[in-house]
Amino acid sequence: MQDELMRTQMQDGWTQPAAIAIPKEGFFEEEQGRYGPIFPKTPANYGFSVLAKVIPGREQAFYEHAKIMEQALKDDPHVLDVLKLHYAKWLLFSIKGDTYMMYQAIFDTDFDKYTEDAVAIFNSTGLNTVFVNLEGWPEDWRENPEACVKFFRDHHCPSFLEIAEYPYVSADEIKKALTLKASFSTMLDQMQ
């Protein structure tokens, strides 16, 4: 029944908002990917949320990393294109005096590919990842995407509900629509 609902929503596309309740396990039917179960595509697309403890004394590294990533995107707005990212969000917060980080991302590729591509970006650009400041992050992460995937799976907090105003629309489709809108606006301005 759930598969039929998802197929119908995907066929109808972005015309109506959509919501999907997700089982506690994080998937409807267990299907194996390269590194473990494949998390389903939802109306918001693929994504994950990771919650992990920050190594004590390393909190400032997150703020420094934020500036580095901001500059990396200013220097090359396409540096993260391969991720097909809709958004990513980093949060630091305290639980009983310990600092934790939550990372949330929504993207258009499957989880395994997203992780492999992220590691490849960090390797090709020379950038470091802020995840090195988390307890349990694999030391060999640059050569071992599988260990990164394991870390993310071990620290993943599956959604139980996802809602999208424009369901199943890719980042590329959104960019194309906005480009078309800008072109029409320019054309209309020139006609006046």
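The following questions and answers go through a predicted model of one protein.

Visitor: In what order do the helices and strands of the protein run from the N terminus on?
Guide: The predicted model holds five helices and five strands. Read from the N terminus on, the elements run α-β-β-α-β-β-α-α-β-α.

Visitor: What share of the contacts in the protein with a separation of 6 or more comes from residues 24 or more positions apart?
Guide: The protein has 192 residues, and buried residues make up 38% of them. Its C-alpha atoms fill a box of roughly 60 × 45 × 35 Å along the principal axes. Of the contacts with a separation of 6 or more, the share from residues 24 or more positions apart is 69%.

Visitor: Which element gives the largest share of the largest nonpolar core?
Guide: The largest nonpolar core has 33 residues, and those with the most contacts inside it are Phe-48, Met-101, Tyr-103, Leu-134 and Phe-152. Two or more residues come from each of strand 2 (46–53), helix 2, strand 4 (98–107), helix 3 (111–125) and helix 4 (145–155). The largest share, six residues, comes from helix 3.

Visitor: Which residues is Leu-134 in contact with, leaving aside its neighbours within four places in sequence?
Guide: In soluble globular proteins, nonpolar side chains tend to be buried together. Leu-134 is among the residues with the most contacts inside the largest nonpolar core. Leaving aside neighbours within four places in sequence, its contacts are Ala-52, Lys-53, Val-54, Ile-55, Phe-62, Met-101 and Phe-151.

Visitor: Is His-65 buried or exposed?
Guide: His-65 is found in helix 2, residues 59–75. Not counting residues up to four places away in sequence, His-65 touches Phe-122, Asn-128, Thr-129 and Val-130. Its relative accessible area is 11%, and the cut-off for buried is under 20%, so His-65 is buried.

Visitor: Is Asp-75 buried or exposed?
Guide: Asp-75 also has its place in helix 2. The side chain of Asp-75 makes a polar contact with the side chain of Gln-71 at 2.7 Å. Exposed means over 50% relative accessible area; at 59%, Asp-75 therefore counts as exposed.

Visitor: Why does Thr-109 count as buried?
Guide: Thr-109 is found in the loop between strand 4 and helix 3. Not counting residues up to four places away in sequence, Thr-109 touches Tyr-46, Val-82, Leu-83, Lys-84 and Tyr-114. Thr-109 counts as buried because its relative accessibility is 10%.

Visitor: What is the relative accessible area of Asn-45?
Guide: Asn-45 is found in the loop between strand 1 (18–21) and strand 2. Although Asn-45 is not a glycine, its phi is positive, about 90 degrees. Asn-45 is buried, because its relative accessible area is 3%.

Visitor: What is the phi of Tyr-168?
Guide: Tyr-168 lies in the loop between strand 5 (161–164) and helix 5 (171–191). Tyr-168 is buried, with a relative accessible area of 9%. Tyr-168 is not a glycine, yet its phi is positive, at about 60 degrees.

Visitor: How many Å apart are the mean positions of the positive and negative charges of the protein?
Guide: The accessible surface of the protein comes to about 11,800 Å², and 55% of it belongs to carbon and sulfur atoms. There are 18 positive and 30 negative charges. The distance between their mean positions is 4 Å.

How values were computed. Residues numbered from 1 in each chain as written. Predicted model: local features only at pLDDT ≥ 70, side-chain atom pairs only at ≥ 80, totals over all residues. Heavy atoms only, no water. Helix = DSSP H or I, 4+ residues; strand = E, 2+ residues; numbered from the N terminus. Buried < 20%, exposed > 50% of the residue type's maximum accessible area, 1.4 Å probe, protein only. Contact = heavy atoms within 4.5 Å. Areas by Shrake-Rupley, 256 points an atom, 1.4 Å probe, with all protein chains shown as cover. Lys, Arg positive; Asp, Glu negative; His and termini not counted. Charge placed at Lys NZ, Arg CZ, Asp CG, Glu CD. Polar contact = N/O pair within 3.5 Å; in protein donor to acceptor, adjacent residues only side chain to side chain. Core = buried A, V, L, I, M, F, W, Y, C linked by side-chain atoms within 4.5 Å.
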